[in-house]
Amino acid sequence: MPQDYDVTRQVWEGKVPVEFVLAAHECTIIDAPKPYYAMLPRISYFPLALERAYKYFMSAVDESEVNKDDVWLEYDGYPLKWHYPVGVLFDLHKTDDVLPWQITVHLKKFPEDDIIRCAGRDALESMFMQSLKEADQLKHRGEIVNTMQKRDHKQLWNGLVNDRFDQFWLVNKKLMENSGSNTFHFVPMRLYKTDKPYRQVLVKPMNEAAERTTLAEACRIFDPGFDSSSSRVVSHGVEVPLDTPVIWLAENLAYPDNFVHISILSS
Amino acid sequence: MEITQEQFMNEIETIATTSSNFPGQEWTIVKTPAGSFVKHRSVEATADGLVLTKEYHICFNPSYGVPVLYFNIWTQDGKLLPIEQVWQLVCSSHKEAVLLDPWTAISQQEHPHLGAPWFHIHPCHTAKAMSKLSQSTTQFNYVLSWLSMFGPVVGLSIPNQMMTSIYKQADK
């Protein structure tokens, strides 16, 4: 099934408006700095945006008292897991319609029992590549990603970081091959619910009746108690119809790491 | 070489049961909605006089069909060891390889069952490394053979007596 260009393009260009504010008790100058505003791509990751926000807020604190490794983000009391894509965190945590999305930047008291420390771009690139490789492991037993040149891996990462859709998809379409000997074995999916670690289980593109597995069926594999009447299933800010074949999701609605990230929210 | 979740479960149960006969070496099974894993905790003093609490978890990764080692190390004041110090602690025979490309080898990840930050050795090289071991080594307890290869990298070793005891269980 070839990609629907309109869909993949819209997925790539989806953005959320964010207002970063410095935690009030962490300012050391009399006038608290104004918030830092940014339009963040849903498919991107906070550490990429944070570099600029951090520099901006550094002017408002005593630099000698702050360690870059201690920076963390919080919304509504939740420390944000920076290794999740921005769009996943937005869909998962934001329960109201208020925009921009106000996120608090903390420079101290890193909650090390709750979140991983972000050690910068290299760490993020490594995590991204690990996810991408795992996705291909599920789809093609890793045969496509492992036979790519290192420069192809770099092109995927740089395409994401520099917002170059065409550059990214030139390589990504190879990972999306789904015919003949390259048919997907499993569909890479991660399911999110608030207050729980994300779930990842093996989902086949075809069910036992030899029909295309639907999103509803996948949700039931993740959670046998899944009740469609009391749940909203969201990805990229859109409530996804439950009869959507997961194969279509993998080919059109995946994030750049090639995983389909789905949030299950109560309606 | 990969294994199924069922084989993983059977083998960690053997490890847990057998280890109960070896004080200080016990592994216990933890059941969660996302599946079961096995854990071991130890406290040790380093040459520099630091007292470190170490906890190791063996979880199953269904994508790669291999066990994955997660671990955390805390200092006496309950703080997690920073990753740079973890890389330094890595056993000297593996240090060079790990330091050459640290992010692909040992990194902090979200624990698949607990959701909290844990260090782990990335699984994508495991299947390849395990396939180099002969069948005669892995046939009795794949998880144990795997542990004897990867455990020492992060300071975890199984006493020979316990290993022999676990391998004997497979015969029954």
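# Briefing: sheets, helices and cores in chains A and B

In the hairpin formed by β2(B) and β3(B), five residues separate the strands, and B:G49 among the hairpin residues has a positive phi near 85 degrees. The model is predicted.

**Chain B**

- Chain B contains eight helices and six strands, and its elements follow the order α-β-β-β-β-α-α-α-β-β-α-α-α-α from the N terminus.
- Strands β2(B) and β3(B), the latter spanning residues 51-61, are antiparallel and paired over eight bridges. Within this pair, B:H40 is opposite B:Y56 of β3(B).
- β2(B), residues 35-45, also pairs with β1(B), residues 28-32, in the antiparallel sense, here over five bridges. B:I29 faces B:V38 of β2(B), and the hairpin linking β1(B) to β2(B) passes through two residues.
- Of the 172 residues in chain B, 51% count as buried.
- Among contacts in chain B with a separation of 6 or more, 50% come from residues 24 or more positions apart.

**Five-stranded sheet of chain A**

- An open sheet of five strands has the order β2-β1-β5-β3-β4 in chain A, with mixed pairing.
- Its edge strands are β2(A), residues 36-41, and β4(A), residues 78-79, each of which pairs on one side only.
- β4(A) is antiparallel to β3(A), residues 72-75, and the two are paired over two bridges. A:Y75 has A:Y78 of β4(A) as its bridge partner.

**Four-stranded sheet of chain A**

- Another open sheet in chain A has four strands in the order β6-β9-β7-β8, again with mixed pairing.
- The edges are β6(A), residues 189-192, and β8(A), residues 238-239; each pairs on one side only.
- β6(A) and β9(A), residues 260-266, run parallel and are joined by four bridges. A:M189 is opposite A:V260 of β9(A).
- Helix α8(A), residues 215-222, lies across β6(A), β7(A) and β9(A), at about 70 degrees to β6(A).

- Helix α2(A), residues 46-58, has 13 residues and spans 17 Å from first C-alpha to last, close to the expected 18 Å.
- A kink of about 30 degrees in α2(A) is centred on A:R52.
- The buried residues of α2(A) include A:F46, A:L48, A:L50, A:Y54, A:F57 and A:M58.
- Helix α3(A), residues 86-93, is largely enclosed by the rest of the structure, because eight of its eight residues are buried.

- In soluble globular proteins, nonpolar side chains tend to be buried together.
- The largest nonpolar core has 82 residues, and the members touching the most others are A:F20, A:L40, A:F46, A:W101, A:L107 and A:M189. α2(A) gives the most to this core, with eight residues.
- A second, separate core has 42 residues, including B:L52, B:I106, B:A127 and B:V154.
- Leaving aside residues up to four places away in sequence, A:L107 touches A:L22, A:E26, A:Y54, A:M58, A:V61, A:V66, A:N67, A:D70 and A:V71.

**Backbone features and single residues of chain A**

- Most residues other than glycine have a negative phi, and most peptide bonds are trans.
- The peptide bond from A:L99 to A:P100 is cis, with omega near 0 degrees. A:P100 is in the loop between α3(A) and β5(A).
- A:K109 has a positive phi, near 55 degrees, and sits in the loop between β5(A) and α4(A). At 78% relative accessibility, over the 50% cut-off, A:K109 counts as exposed.
- A:H236 also has a positive phi near 55 degrees, in the loop between β7(A) and β8(A). This residue, A:H236, counts as buried because its relative accessibility is 10%, under the 20% cut-off.
- A:S131 belongs to helix α4(A), residues 121-140, and counts as buried at 11% relative accessibility. Apart from residues up to four places away in sequence, A:S131 touches A:R190, A:D257 and A:F259.

Note on methods: Residues are numbered from 1 along each chain as its sequence is written. Chains are lettered from A and ligands numbered from 1 in the order in which they are written. This is a predicted model: local features need pLDDT of at least 70, side-chain atom pairs count only at pLDDT 80 or more; totals for chains, interfaces and linings use all residues. Side-chain values use heavy atoms; hydrogens and water are left out. Two strands pair if DSSP finds at least two bridges between them. Contact means heavy atoms within 4.5 Å. Axes are lines fitted to C-alpha atoms, for helices over the stretch in contact, and angles run from 0 to 180 degrees between N-to-C directions. Buried means under 20% relative accessible area, exposed over 50%, partly exposed in between (1.4 Å probe, protein chains only). The expected span of a helix is 1.5 Å times one less than its number of residues. The bend at a residue is the angle between axes fitted to the seven residues ending there and the seven starting there. A nonpolar core is a set of buried Ala, Val, Leu, Ile, Met, Phe, Trp, Tyr and Cys residues joined through side-chain atoms within 4.5 Å.
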